[in-house]
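Please read this briefing with the model open beside it. The points below are grouped by topic.

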Amino acid sequence: MKFNVQPDGAVTYTTCDGDMVDLIAYRYYGAHETTPVVYRANPDLAFMPEVLPAGVVIVMPAYTPPPQVTRQTNLWD
């Protein structure tokens with residue numbers, strides 16, 4: 001998979017036969033929960049089959065994962 005940086009700084013990916021949005025999102029962002037981020041930036045993908053044809057250009061938007069909330073519980077609380 002090769003992601004391309006455009007002159008304006010946007011990152012795109014051009015699909016190969018058999019690519020899937022969730023795999024592209026995972027390979028780019030490193031997390032499974034990022035698939036909706038890609039769909040929001042590329043609404044036309046919702047009308048395509050799950051397995052994408054070759055040649056579809058997908059914009060990979062900037063994504064900052066939400067902070068992880070940790071809660072400490074003491075045994076005596």
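**Surface patch, core and individual residues**

M1, L23 and Y26 together form a nonpolar patch on the surface, with about 260 Å² of accessible area. Such patches are made of residues with over 30% relative accessible area and no salt bridge, where like charges are joined within 9 Å and nonpolar side chains (Val, Leu, Ile, Met, Phe, Trp, Tyr) within 5 Å; a salt bridge is a side-chain nitrogen of Lys or Arg within 4 Å of a carboxyl oxygen of Asp or Glu. Accessible areas come from the Shrake-Rupley method with a 1.4 Å probe, and for residues only the protein chains shown count as cover.

This is a predicted model, in which local features need pLDDT of at least 70 and side-chain atom pairs count only at pLDDT 80 or more, while totals for chains, interfaces and linings use all residues. Residues are numbered from 1 along each chain as its sequence is written, and side-chain values use heavy atoms, with hydrogens and water left out.

**Members of the patch**

- M1 is found in the segment before β1 (3-5), where helices (H or I, at least four residues) and strands (E, at least two) are DSSP runs numbered from the N terminus.
- With a relative accessible area of 43%, M1 is partly exposed, a class that lies between buried (under 20% relative accessible area) and exposed (over 50%), using a 1.4 Å probe and protein chains only.
- L23 belongs to helix α1 and, at 34% relative accessibility, counts as partly exposed.
- Between L23 and I58, which are 35 residues apart in sequence, the C-alpha to C-alpha distance is 13 Å.

**Nonpolar core**

- The largest nonpolar core has 13 residues, and those with the most contacts inside it are I24, Y29, V38, L45, L52, I58 and M60; a core of this kind is a set of buried Ala, Val, Leu, Ile, Met, Phe, Trp, Tyr and Cys residues joined through side-chain atoms within 4.5 Å.
- At least two residues of this core are supplied by each of β2 (11-14), α1 (21-29), α2 (35-41) and β3 (57-60), and α1 gives the most, with four residues.
- L45 touches V21, V38, Y39, L52, V56 and I58, not counting residues up to four places away in sequence, where contact means heavy atoms within 4.5 Å.

**Helix α1**

- The residues V21, I24, A25 and Y29 of α1 are buried, and they lie on the same side of α1 because they cover an arc of only 105 degrees around the axis, the arc being that of the directions from the helix axis to the C-beta atoms.
- The buried residues of α1 pack against β1, β2, α2 and β3.
- Just after α1, G30 takes a positive phi of about 80 degrees.

- T15 lies in the loop between β2 and α1 and, at 4% relative accessibility, counts as buried.
- Not counting residues up to four places away in sequence, T15 touches I24, L52, P53, A54, G55, V56 and I58.
- T15 and F3, 12 residues apart in sequence, are 10.0 Å apart in space, C-alpha to C-alpha.
- M48 is found in the loop between α2 and β3 and counts as partly exposed at 32% relative accessibility; its C-alpha atom is separated by 26 Å from that of T64, 16 residues apart along the chain.
- T70, in the segment after β3, counts as exposed at 71% relative accessibility, and the C-alpha atoms of T70 and Y28, 42 residues apart along the chain, are separated by 26 Å.
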